[in-house]
Number of protein chains: 2
Amino acid sequence: MIELPREARVVNLGLWVFADAVAAQGAAVVHVDARPPAHGDPVMVRALTDLYSAGLEAANAEVLRRLDREVSYVVDVSPAKEVIPGIGDRMILHPGPPIAWDEVCDPLRRSSRAAVVAEGWADDPAMAERLLASGGVTLSAANEHGTVVPMATALGPSMPVWVVDNPAGGTRAFAPLGQGSGDVAWLGRESAAAVERLVFLRAVAGPMLKRIVARMGPIDTFAIAAQGVQMGDDVHMRVQASTNLLLRSMLPAIAALGGDGEAVAFSEYLSANHLFFLTLAMASAKALTLSAERVPGSSIVTTMARNGTTYGVKLAGDDRWFVADSPPVEAALFYAGYGPRDAAPDIGDSAVLELVGLGGSATAGSPAVAAFLGGSMAEAARATGEMRRICGAESTRFKLPTMDFRGTPLGVDVRKVVETAITPRVNTGILHVSDGAGQVGAGVATAPLEAFRAALLALTEVR
Amino acid sequence: MIELPREARVVNLGLWVFADAVAAQGAAVVHVDARPPAHGDPVMVRALTDLYSAGLEAANAEVLRRLDREVSYVVDVSPAKEVIPGIGDRMILHPGPPIAWDEVCDPLRRSSRAAVVAEGWADDPAMAERLLASGGVTLSAANEHGTVVPMATALGPSMPVWVVDNPAGGTRAFAPLGQGSGDVAWLGRESAAAVERLVFLRAVAGPMLKRIVARMGPIDTFAIAAQGVQMGDDVHMRVQASTNLLLRSMLPAIAALGGDGEAVAFSEYLSANHLFFLTLAMASAKALTLSAERVPGSSIVTTMARNGTTYGVKLAGDDRWFVADSPPVEAALFYAGYGPRDAAPDIGDSAVLELVGLGGSATAGSPAVAAFLGGSMAEAARATGEMRRICGAESTRFKLPTMDFRGTPLGVDVRKVVETAITPRVNTGILHVSDGAGQVGAGVATAPLEAFRAALLALTEVR
């Protein structure tokens, strides 16, 4: 006869139901959350097995090094048509994967019409709609032009853009100037005021920022962002500290503009715009991913962008988009009077920040973003912890004080995404789905797993 | 015969040595750090016993309410002689308790001479020394004039000051403009450049800031500081976030100054001065303590200031200074080539910030200050924890993200200081003791217990 022990101590692997049953009998139980990789899908498990190789690890190491160590500098502000390669005369650049006009979501339609009016191609949104529908104005994905645009931005060729160089990588990226908050086109508005803001950026802010950058010389944006992370920025949803650091450094150049009415209007635009740094950070991240994506045979994600209809992912060394439906924004706080039914699907190229150790990766250090995740810093730490499970490295430039200065997770590895079924969490705003109200909230968008699974399978084929 | 238990579990109270002896024998021991109050001093224990009364609690509650809830606004920038009550024609205001010229420490001597030269009363520091030594220029404690000055600042009557009103308390306080970093008088320098900076503040920065404040209207400084605390400021040693928030809000008013050479020089001064907010915060704190100190019969400290020779404390409702020797600055990081022997004793009125929930009280949220306490955020949390043991309340406006948005400790209670023998920890800079090198480091100064013990005894006499 076997004598049973008087005290049972149980370690339970996998299914919670067994652990619960043991605990219900008053015994000690430790539960280990062990799940089969890729939900046990045999095709994915086979693909994952194929993809752990020395060659791929070497490619990944180089991709991660470029994302972490290369440095981006703002070197100029110029009209898009003068600097962005391949932008056509009557072309609008949009966020996310390529898309046809009849599939474009409501906020981006409105923003596109506002852009067409601001370009002077149409007198009003109705006329702009006809031009866009007829192909008289063409659409092109900004990412195909080394450009990233936030939220529902539609970028016309006359609009000023940040020009950002990554000298080590030999790459150049672009992003529009921030339009600010409120009644503005990038948030899905097509009002006269929204058009007026675009004209102001072209006529006033662009030329003035060009003079400011010329006076200051190259600006190392991620050196500023690294300080911003110490000051509670995730450098995506929250860029307040980085914006203010940049503006203080710009002060002498702003004063040198002269104190006329235009300079005051320009200063008012800066003063009211706590998101000003966002598009500089995006272009800086893009200048790094453009370099990283030249490395073939890697499993690190180098493009992640949404057009409000589809969500697209690209891997380093592979020019193809892997696309799924754009998801709703979750864990959301809505403005008073709005709720989930008012929310357009996730939109914008700003998710490029989550690829370089910012945004969702830096949430643990951001009290302001924590407010969108239930309010506690523990929730914020969990968000960064999830990103750590799917990233290939830790940033050596972005350090989290709340994690004793550990680097933010950096470089989303499609293998880890598929294996854990955890996709990147992107901190973002929410636009109204249909009525042109503009921004109605903010929250966290979880990228669709299907796009990553497709990318993983394609990677096994390439090899 | 008594049977001994086979397993001993020990709770040890008081002396560590017994706990150590138990632990050395391999037994479990919990040590409780129980010490007799006030080191068991019978006079102090008696005084403490006398001071727990309903009347005193009511007085304290009112003092704490004023420190926590009243609001300070910057309303003007004007020359000291036009606004500060009682400032004489040939008078220099200095930090800390009243002091005679022959007892003044080296950095404050140098700063005073620079101030005398900047006022135009002497051609050079040697002539200034003779004037000061002869009584041709008199010294007066800034705190006696509703004014607070940082580090070794010597404030002459022509210098511009922030004018800060606390409308609810009906009080008004003053502090000089920040001089910036480097070769500047407030850090104990008397060079031509240090004098030149004083002249610049009088001739350029003061008048321009006067125009800026007039254009902006009253500025709620602690609303800014509250955001700064969310962004890693302790709002004493570190005011970077608060400075930048303020400057962004000032941008349109700065642009409106006009873009001439003086405006550019002024913008360069602001752009280089990450400590700019410090003296606004100090004057704002002083406007609160001036209101709080009108409440009689309280055990809450309302003045805490050092002149580099002595360290003075005052209680609400009591006009007397309780003074001890100024201590060395501890837990210090020195600039390369400097060490403890180069350090002047603790100096400046900035400790007023530690009375309103800032500085040492807010250290837990400041990665930059943590760097001076061994580098970890846990050390920073301990610093705030010590302040919590000696404070009467928690701030409702300054919240620490790293402590799940708990308020900073506020209102130093002299009873708790004497009972625990824990004195306030003040985050501060370190000046060279003798050679005029200026700032040589930064660290934490622990206030001398004797001053608090004297204040406590006096409080029992008053009652």
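User: What makes one say that the copies meet through the same surface?

Analyst: In this predicted model, 100% of the interface residues of chain A are also interface residues in chain B, so the copies meet through the same surface. The contact takes 29 residues from chain A and 29 residues from chain B, where two residues are in contact if their C-beta atoms, placed from the backbone, lie within 7 Å. Residues are numbered from 1 along each chain as its sequence is written, with chains lettered from A in the order in which they are written.

User: How do you know how the two copies are related?

Analyst: Chain A can be laid on chain B by a turn of 180° and a shift of 0.0 Å along the axis, with an RMSD of 0.1 Å. The superposition is by least squares on the C-alpha atoms of residues with pLDDT of at least 70 in both. The two copies are thus related as by a two-fold rotation axis.

User: Why is α3(B) called roughly antiparallel to α11(B)?

Analyst: Helices α3 (residues 54-69) and α11 (residues 277-292) of chain B pack at an angle of about 160°, with their axes 9 Å apart. Angles run from 0 to 180 degrees between N-to-C directions, and axes are lines fitted to C-alpha atoms, for helices over the stretch in contact. Angles over 145 degrees count as roughly antiparallel, so α3(B) is roughly antiparallel to α11(B).

Definitions and conventions:
This is a predicted model: local features need pLDDT of at least 70, side-chain atom pairs count only at pLDDT 80 or more; totals for chains, interfaces and linings use all residues. Helices (H or I, at least four residues) and strands (E, at least two) are DSSP runs, numbered from the N terminus. Angles under 35 degrees count as roughly parallel, over 145 as roughly antiparallel, 65 to 115 as roughly perpendicular and the rest as oblique.
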